[in-house]
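Student: Could we go through this structure together? I would like to know where to look and what to look for.

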Amino acid sequence: MKKILHIIATPRGDASRTLKVSGVFLESLKKKYPACAVDTLDLFKDAIPPLTLRAVSGKYTLLAGKDLSGEFKEAWRDIESHITRFLLADAYLISVPMWNFSIPYVLKHYIDTIVQPKYLFRYTDKGPEGLAKNKKMVIITSRGGDYSAASPFHAYDYQEPYLRAVFNFVGITDIVFINAQPMDALGQDVAEEKIRQAQTIAAETAGKF
Ligand SMILES: Cc1cc2nc3c(=O)[nH]c(=O)nc-3n(C[C@H](O)[C@H](O)[C@H](O)COP(=O)(O)O)c2cc1C
């Protein structure tokens, strides 16, 4: 493995429970692949281009099978550079807390930016084809409540199914989720224990990556 792109979707820095688990994953990964570069994209600090009329019109130009030119090309400069950065990685780590049963808006904005026809997917006679092939992904989440399969709130988890669907759509099917939960509902002691458990799974996952 040459390069992993770490996409951070929490603004909480050192206070982040999600990043406590991701930190262990990255430490263990470094031991296994000492030469692996980690490219960090912090979605609460790094600018993601606004999806203006021109930017979105570029998407429809590509969907119509035409190339971008003139004002569209200009509007797409930053979008293309994010897509290139995404495709340069051969693996991904996404650190993402659950926000309102789903993902923080910055991650949705990033996904809306990079998931573009001709670059990450195309339509064929046999249906859509994802173009980000042979890539691996680990998604580390933390949640205030518990949304595991045994929980009565399992059906409220729109985070894991959505992220699986959108990354499968672009061709990434090798996805491992590590969910630290509950972080808020049952108090500090339970949260700390659940973080430790998630860290153990994160180290094992990195060892097999
Ligand atoms: C805006 C916002 C929305 C949240 N929505 C949910 C939610 O729908 N369900 C839940 O279980 N926790 C929710 N939480 C709690 C976080 O998922 C939880 O505290 C998580 O551990 C935060 O991760 P972090 O420490 O990495 O930022 C929300 C927190 C914030 C700030």
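Tutor: Let us begin with helix α6, residues 159–169, in which Gln159, Leu163 and Phe167 are buried. These three cover an arc of only 40 degrees around the axis, which puts them on the same side of α6. Please keep in mind that this is a predicted model.

Student: Which exposed residues sit on the face of α6 turned away from the buried side?

Tutor: That face carries Pro161, Ala165 and Asn168, which are exposed.

Student: And what do the buried residues of α6 pack against?

Tutor: They pack against the strands β6 and β7.

Student: What follows α6?

Tutor: Gly171 follows α6, and the phi of Gly171 is positive, near 105 degrees.

Student: Let us turn to the sheet, then. How many strands does the open sheet have, and in what order?

Tutor: There are five strands, in the order β2-β1-β3-β6-β7, and their pairing is parallel. At the edges are β2 (37–42) and β7 (174–180), each of which pairs on one side only. On average, neighbouring strands of this sheet are turned by 15 degrees against each other, with direction ignored.

Student: How many bridges join β1 to β2?

Tutor: Six bridges join β1, residues 3–8, to β2, and the two strands run parallel. As an example to find on the screen, Lys3 has Ala37 in β2 as its bridge partner.

Student: Which strands does helix α7 lie across?

Tutor: Helix α7, residues 188–208, lies across β6 (136–142) and β7. The helix runs at about 160 degrees to β7.

Student: What about the loop between β7 and α7? Which proline lies there?

Tutor: Pro182 lies in that loop. A cis peptide bond joins Gln181 to Pro182, with omega at about -5 degrees.

Student: Next topic: β4 and β5. Do they run parallel or antiparallel?

Tutor: They run antiparallel: four bridges join β4, residues 121–124, to β5, residues 127–130.

Student: Finally, the ligand. Which residues around it come nearest?

Tutor: Of the 17 residues around the ligand, the nearest are Ser16, Thr18, Pro97, Ser142 and Gly144.

Student: Which helix gives the most to that shell?

Tutor: Helix α1, residues 17–32, gives the most, with three residues.

Student: How many residues of the shell are nonpolar, polar and charged?

Tutor: Six are nonpolar, seven are polar and four are charged.

Terms used:
Residues are numbered from 1 along each chain as its sequence is written. This is a predicted model: local features need pLDDT of at least 70, side-chain atom pairs count only at pLDDT 80 or more; totals for chains, interfaces and linings use all residues. A residue is near a molecule or strand if its C-beta atom, placed from the backbone, lies within 6 Å of it. Ala, Val, Leu, Ile, Met, Phe, Trp, Tyr, Cys and Pro count as nonpolar, Asp, Glu, Lys and Arg as charged, and the others, Gly among them, as polar. Two strands pair if DSSP finds at least two bridges between them. Axes are lines fitted to C-alpha atoms, for helices over the stretch in contact, and angles run from 0 to 180 degrees between N-to-C directions. Two residues are in contact if their C-beta atoms, placed from the backbone, lie within 7 Å. A residue is buried if 20 or more other C-beta atoms lie within 10 Å of its own, exposed if 12 or fewer, and partly exposed in between; C-beta atoms are placed from the backbone. The arc is that of the directions from the helix axis to the C-beta atoms.
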